[in-house]
Amino acid sequence: MDKLKITGGARLNGPVRISGAKNSALPAMAACLLTEGELILENMPMVNDILTTRRLLRELGAEVEFDGGNTARLKATRIASHEAPYDLVKTMRASVLVLGPLLARFGKARVSLPGGCAIGARPIDLHIKGFEKLGATVNTEYGYVEAVANRLKGANIVFEKITVTGTENLMMAAALAEGQSTLVNAALEPEISDLADLLNKMGAKISGAGTSVITIEGVETLHGATHSIIPDRIETGTFLVAGAISESNLELTRCNPSHLSGVIEKLREAGAVIEEGADSMRVRGGNELRSADVITHEYPGFATDMQAQYMAMMTQAKGISLITESIFENRFMHASELMRMGANIRIDGSRAVVAGKSRLTGATVIASDLRASASLVLAALVAEGVTTVDRIYHLDRGYEKIEEKLRSFGAQIERLK
Ligand code: EPZ
């Protein structure tokens with residue numbers, strides 16, 4: 001397993017280009033199953049979760065080609081299988097996003113239940129309830145969800161809880177259903193609006209994406225389209241923290257500041273200096289950071305996918321900060337590794353109390369999930385000495401060429417194969 005070796009204390013200086021959003025590219029790829037036509041997806045992040053989705057779609061019988069850059073061509077003229085196997089789903093729970101499109105276009109889908117993950121139980125009961133509302137018969141047995149339907153029928157679906165991939169799965173299914181559907185208490189994340197934009201380019205009739213009520217007029221068929229994936233707001237936030245906690249002057253290009261206003265506001269409250277442009281930002285570090293409490297929340301609140309990175313930042317802030325994780329029940333795995341580097345953190349259920357500023361020193365630490373690994377890399381950038389981050393396959397799932405980007409603006413980092 002690859003590791004990252006990081007020597008802390010380097011000044012970071014220069015531009016970094018933000019990649020396309022992983023959490024937008026994944027549902028966009030699944031959308032190719034909704035049509036015989038070709039999808040051309042641009043600004044795709046070349047991260048491992050995208051490659052896993054390529055493998056899954058190919059196993060289903062779709063053609064998926066990358067042009068060696070960041071453009072993908074996807075075509076599911078016919079499919080050879082309706083099954084997303086356990087071996088793939090266990091490595092990436094977003095595989096569940098093929099369920100809606102398969103069911104809507106082919107009338108059946110068999111998808112392995114994702115099971116729990118490092119950050120929480122993460123059931124898909126709300127997805128299943130939604131498909132039943134659209135008229136599907138759904139059975140869950142032998143570790144698989146099996147759903148069948150002649151043709152889905154439009155329905156009014158009220159989510160008991162806000163779910164991002166649940167909203168995406170049902171939006172894709174309802175696009176080919178007979179009649180009108182409404183999704184109430186839908187997720188507001190920018191990735192939802194991006195998927196709706198793509199589906200509308202394919203001939204769908206979706207309105208209200210980005211609000212809590214989405215209306216979908218089902219159509220008979222969808223056609224091919226070309227679409228450029230939005231910038232990754234979590235990668236953007238991660239680099240903002242890299243800039244804020246280190247002596248730095250970073251320019252982030254090809255990003256969308258309006259997609260992470262909740263995060264920017266909190267980082268500024270903690271003392272970060274951030275300038276915003278239309279599609280770029282500048283962050284200057286080196287100022288004294290101060291503690292600021294945060295509660296993670298659905299969009300447009302403070303993203304749970306930024307919580308771990310923020311915790312690393314709070315170890316470098318003067319004072320006591322309280323971090324409350326309200327979305328996932330087990331998302332503090334990074335805390336014990338940060339403590340191994342000298343951080344002062346107390347965990348009490350869904351709350352973490354961080355006392356700063358701590359003197360961090362290099363250590364060998366283990367990544368437990370995607371965003372936890374990012375927080376360890378950030379801490380290592382300011383720790384004295386050398387840190388080795390193990391199990392960085394987690395990082396590779398969602399960050400495109402992160403060590404090259406960090407090295408390009410001055411970080412002392414290398415990948416140990
Ligand atoms: C998406 O996961 C993202 N993944 C996650 O990003 C992100 O953390 C999460 O949304 C929240 O913002 C992708 O988009 C691929 P949810 P998702 O359904 O859709 C509960 C990253 O780091 N719930 O919005 O799986 C659930 O357990 C990843 O890039 C149910 O109870 O999250 C959680 O507590 C990690 N039943 C809450 O809702 C359901 O049927 C929100 O989950 C569905 C969800």
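**Figure 1. Secondary-structure elements around the ligand.** Helices α1 (22–30), α5 (125–133), α6 (164–175) and α12 (370–382) each contribute at least two residues to the shell around the ligand. Helix α5 provides the largest share of this shell, three residues. Helices (H or I, at least four residues) and strands (E, at least two) are DSSP runs, numbered from the N terminus. The model is predicted, so that local features require pLDDT of at least 70 and side-chain atom pairs count only at pLDDT 80 or more, whereas totals for chains, interfaces and linings use all residues. Residues are numbered from 1 along each chain as its sequence is written, and side-chain values use heavy atoms, with hydrogens and water left out.

**Figure 2. Composition of the ligand shell and polar contacts to the ligand.** The ligand is surrounded by 21 residues, and the closest are Asp125, Thr163, Thr165, Asp305 and Ile327; a residue is near a molecule or strand if one of its heavy atoms lies within 4 Å of it. The shell divides into nine nonpolar, five polar and seven charged residues. In this division, Ala, Val, Leu, Ile, Met, Phe, Trp, Tyr, Cys and Pro count as nonpolar, Asp, Glu, Lys and Arg as charged, and the others, Gly among them, as polar. A polar side-chain atom of Lys22 lies 3.0 Å from an oxygen atom of the ligand. A backbone N or O atom of Val164 lies 2.8 Å from a ligand oxygen atom, and a polar backbone atom of Ile327 is 2.6 Å from an oxygen atom of the ligand. A polar contact is a pair of N or O atoms within 3.5 Å; within protein, one must be able to donate a hydrogen and the other to accept it, and residues adjacent in sequence count only if both atoms are side-chain atoms. Taken alone, the ligand exposes 830 Å², of which the protein buries 89%. Accessible areas come from the Shrake-Rupley method with a 1.4 Å probe; for residues, only the protein chains shown count as cover.

Figure 3. Strands β4 and β5 (residues 72–75) pair in the antiparallel sense over four bridges, and Phe66 stands opposite Ala72 in β5.

**Figure 4. The hairpin of β8 and β9.** Five bridges join the antiparallel strands β8 (residues 137–141) and β9 (residues 144–148). Thr137 stands opposite Val148 in β9. The hairpin has two residues between its strands, and Tyr142 takes a positive phi near 55°.

**Figure 5. The open sheet β10-β11-β13-β12.** Four strands form an open sheet in the order β10-β11-β13-β12, and the pairing is mixed. Three bridges join β12 to the antiparallel strand β13 (residues 213–217), where Ile216 stands opposite Ile206.

Figure 6. Most residues other than glycine have a negative phi, and most peptide bonds are trans. The peptide bond from Tyr299 to Pro300 is cis, with omega near 10°; Pro300 lies in the loop between β19 (294–295) and α10 (307–314). The peptide bond from Gly356 to Lys357 is also cis, with omega near 5°, and Lys357 is placed in the loop between β22 (351–356) and β23 (364–366). Arg122 has a positive phi near 50° and belongs to the loop between β7 (108–112) and α5.

How values were computed:
Two strands pair if DSSP finds at least two bridges between them.
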